[in-house]
Amino acid sequence: MKILISSALVILLVGLSACTPTAPGESIQATGMILQSEKQREQSPEIAPADISSLTEGNSVFAFNLYKLLSEEEGNLFYSPYSISAALAMAYAGAREDTEKQMADTLQFYLSQNQLHPAFNSLDQKLASRGEGAQGKDGEGFRLNIVNAIWGQRDYTFLTSFLDTLAENYGAGLRILDFISETEPSRITINDWVSDETEGRIEDLIPQGAINQLTRLVLTNAIYFNVAWQYPFEEDATSPGVFYLLNGDEVTVPMMEQQESFSYDEGDNYQAVELPYDGQELSMVILLPSSGQFETFEEAIDYQRVKDIIENLERREVRLKMPKFEFDSSFGLKKTLIDMGMPIAFSA
């Protein structure tokens, strides 16, 4: 088995301070349908280790706060908290006063604006540099593509400082669409972009009706992750096996199996194993609650507990059985983010 993950995110916002008139003489360049600063992205920025630690800790705390709400829905949940944080950080660059405070509190942005965006830039580049020489699922090179885009209403003017921040720290401009008079073509344009960035894995991300004439700013984030395991599961070692559902029912699924030296940990109500991807610069950590302990374990899970589990992993010989799986997940973030404390960003 090899891993291929594609994820896309869209967030519609209307209440940001970036949409204000631009002062005469400020440097903004319109290239086709992209409004962008002439400033170039800062390459390999020198960031204090404390700032990177603060950013990653805040992102992780937000990830589990978000999980608590999203997991209330039935069914499997698949999401990329880093994508959500990174996309909203671009919008945060245009937030001021109460909107800025609400977003910082909700997203656990502990750093000032001047520190936060360079830290995101550094972290993004570190992630992008991983996997060199590793193999992808299809036998081609490893791919971890994380691409953000921000889409603004035509005929609105945006602060130069906002566009400078996007260019210098995210390598992004503001793509111009006309949500007011070309609502449906705008939706199709964004969906086509997402499809291209995920190699056709995600189609029609934004459903009809999600964008309307009140939309002023849309954030999109696409992740395409194509990588092989460091220790592949052999096809001839895969056979039908029993998988236990939370309600106690049993289903028969293709069950992969191997014995290998993995980083492993166990506690009173869980087991944990780390499966490295090819190149060993990225990995999947699987947390398995003990039988009958799923809800108890889930209720107690947070950033600190997962951090402790990962730090306690030790190399052990492990006989691992896990099912082949494939699922998708979709959910709306507007109500969730409002409930978490940032309603102004979504208000007209």
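Me: Tyr-82 is buried, and so is Phe-120. What does the word "buried" mean here?

Reply: Buried means under 20% relative accessible area, exposed means over 50%, and partly exposed lies in between (1.4 Å probe, protein chains only). This is a predicted model, in which local features need pLDDT of at least 70 and side-chain atom pairs count only at pLDDT 80 or more, while totals for chains, interfaces and linings use all residues. Residues are numbered from 1 along each chain as its sequence is written, and side-chain values use heavy atoms, with hydrogens and water left out.

Me: How many aromatic pairs does the structure hold, and why is the pair of Tyr-82 and Phe-120 called tilted?

Reply: There are nine aromatic pairs. The ring centres of Tyr-82 and Phe-120 are 6.5 Å apart and the planes stand at 45°, so this pair is tilted. Rings of Phe, Tyr and Trp (its six-membered ring) pair if their centres lie within 6.5 Å; planes under 30 degrees apart count as stacked, over 60 as edge-to-face, and the rest as tilted. The pair links distant parts of the chain, with Tyr-82 in helix H2 (residues 81-92) and Phe-120 in helix H4, 38 residues apart. Helices (H or I, at least four residues) and strands (E, at least two) are DSSP runs, numbered from the N terminus.

Me: What makes Trp-151 and Trp-193 an edge-to-face pair?

Reply: Their ring centres are 6.0 Å apart and their planes meet at 85°, so the pair is edge-to-face. Trp-151 belongs to strand S4 and Trp-193 to helix H6 (residues 183-197), 42 residues apart, and the pair thus links distant parts of the chain.

Me: How do you know that Trp-151 counts as buried, and that Trp-193 does too?

Reply: Trp-151 has 3% relative accessibility and therefore counts as buried. Trp-193, at 8%, also counts as buried.

Me: What makes Arg-175 a charge over the ring of Trp-151?

Reply: Arg-175 lies over the face of Trp-151, at 5.5 Å from the ring centre. The definition asks for NZ of Lys or CZ of Arg within 6 Å of the ring centre and within 35 degrees of the ring normal.

Me: Why is Gln-113 called buried, and what does its side chain touch?

Reply: Gln-113, in helix H4 (residues 113-128), has 16% relative accessibility and so counts as buried. The side chain of Gln-113 makes a polar contact with the side chain of His-117 at 2.6 Å. A polar contact is a pair of N or O atoms within 3.5 Å; within protein, one must be able to donate a hydrogen and the other to accept it, and residues adjacent in sequence count only if both atoms are side-chain atoms.
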